[in-house]
Amino acid sequence: NFFRQRFGNVPVWQQGHSIALVAAIDQQLAASREKPGHYSCTLADCTELLAFVTPRPACSLPSRHAQLPQGAFAGSNHVEILFGAPGGLFAPPRCDRLQRHLWMTQVYGDREIILYEPGQEHRLYVDSRQPWQSNARDIEDHTNYPSLRRARSHRIVLRPGDALFVPCGFWYAARDLSTSISVVFDQIEA
């Protein structure tokens, strides 16, 4: 209700389209294993919400995003709030295209993550045009994507209060196990 009441009209991205957050929340609350929801919608312009999702973990500070030239990461937000629904497939594996580290913090619900160790690209069906994304549409379909079975991976379930650090170079895939809210931010510090 907090997001519905305070930010319901704010646009979010869901599968390449902009819709109001309240519409996305309604769709996700109606989702189930039998009727899967969309992959997480992203509230990328979350300036108003930053006070609710800060401070960042001390080990991720200092943040140097403000010190970079404006436009250095054009088209890429370093903080996103993801709203997810149960029942869907894993999103295709991906890594950070700008070689940043990633933090995922779970606020509400459960989210499953599969991490692929660096050096597994030859088993991940990497898209040659967008080399930070995989062409594997269903990572559990080993009939169509047999190399995925041999990729070294780690399966993790994030629960409220959990945080996961994903170093640059690791590939990851995620799916929501329940109605879910996650905060994701990038770290350019090494």
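## Rings that meet

Ring pairs link Trp103, Phe165 and Phe185 into a cluster. Here, rings of Phe, Tyr and Trp (its six-membered ring) pair if their centres lie within 6.5 Å; planes under 30 degrees apart count as stacked, over 60 as edge-to-face, and the rest as tilted. Before we go on, a quick word on what you're looking at: this is a predicted model, where local features need pLDDT of at least 70, side-chain atom pairs count only at pLDDT 80 or more, and totals for chains, interfaces and linings use all residues. Residues are numbered from 1 along each chain as its sequence is written, and side-chain values use heavy atoms, with hydrogens and water left out.

How many aromatic pairs does a search of the whole structure find? The search turns up three. Take Trp103 and Phe185: this pair is stacked, at 6.1 Å centre to centre and with 15 degrees between the planes. Trp103 lies in strand β5 (residues 101-108) and Phe185 in strand β10, so the pair ties together parts that are 82 residues apart in sequence. Strands (E, at least two residues) and helices (H or I, at least four) are DSSP runs, numbered from the N terminus. Both Trp103 and Phe185 are buried, and that word has cut-offs: buried means under 20% relative accessible area, exposed over 50%, and partly exposed in between (1.4 Å probe, protein chains only).

## Tyr125 and its partner

Now for a pair of tyrosines. The ring centres of Tyr125 and Tyr145 are 5.2 Å apart and the planes sit at 70 degrees, so this pair is edge-to-face. Tyr125 and Tyr145 are 20 residues apart, and each is in the loop between β6 (111-116) and β7 (153-158).

Is Tyr145 buried or exposed? Tyr145 is buried because its relative accessible area is 16%. Tyr125 has 26%, so it counts as partly exposed. For background, most residues other than glycine have a negative phi.

## Two nonpolar cores

A nonpolar core is a set of buried Ala, Val, Leu, Ile, Met, Phe, Trp, Tyr and Cys residues joined through side-chain atoms within 4.5 Å. The largest one in this model has 14 residues, and Phe3, Phe7, Leu21, Ile81, Phe83 and Ile181 have the most contacts inside it. Which elements give two or more residues to this core? They are α1 (2-7), α2 (21-29), β4 (79-84) and β10 (180-187). There is also a second, separate core of 12 residues, which includes Leu124, Tyr145, Leu148 and Ala151.

Let's zoom in on Phe83, which is found in strand β4. Its relative accessible area is 3%, so Phe83 is buried. Phe83 and Gln28 are 55 residues apart in sequence, but their C-alpha atoms are 8.1 Å apart in space.

## A three-stranded sheet

Three strands make an open sheet in the order β7-β6-β9, with antiparallel pairing. Two strands count as paired if DSSP finds at least two bridges between them. The edge strands are β7 and β9 (171-176), each pairing on one side only. From one strand to the next, the twist averages 20 degrees; axes are lines fitted to C-alpha atoms, for helices over the stretch in contact, and angles run from 0 to 180 degrees between N-to-C directions.

How many bridges join β6 to β9? Six of them join these antiparallel strands. Ile114 stands opposite Ala173 in β9.

Gln106 has its place in strand β5. With a relative accessible area of 3%, Gln106 is buried. Leaving aside neighbours within four places in sequence, its contacts (heavy atoms within 4.5 Å) include Arg111, Leu158, Pro160 and Ile181. Gln106 and Val183 are 77 residues apart in sequence and 6.5 Å apart in space, C-alpha to C-alpha.

What does the side chain of Gln106 make a polar contact with? Its partner is the side chain of Ser180, at 2.8 Å. A polar contact is a pair of N or O atoms within 3.5 Å; within protein, one must be able to donate a hydrogen and the other to accept it, and residues adjacent in sequence count only if both atoms are side-chain atoms. A polar atom of the Gln106 side chain also lies 3.2 Å from the backbone oxygen of Gly109.

Asp127 sits in the loop between β6 and β7. Asp127 counts as buried because its relative accessibility is 6%. Not counting residues up to four places away in sequence, Asp127 touches Gln133, Ser134 and Asn135.
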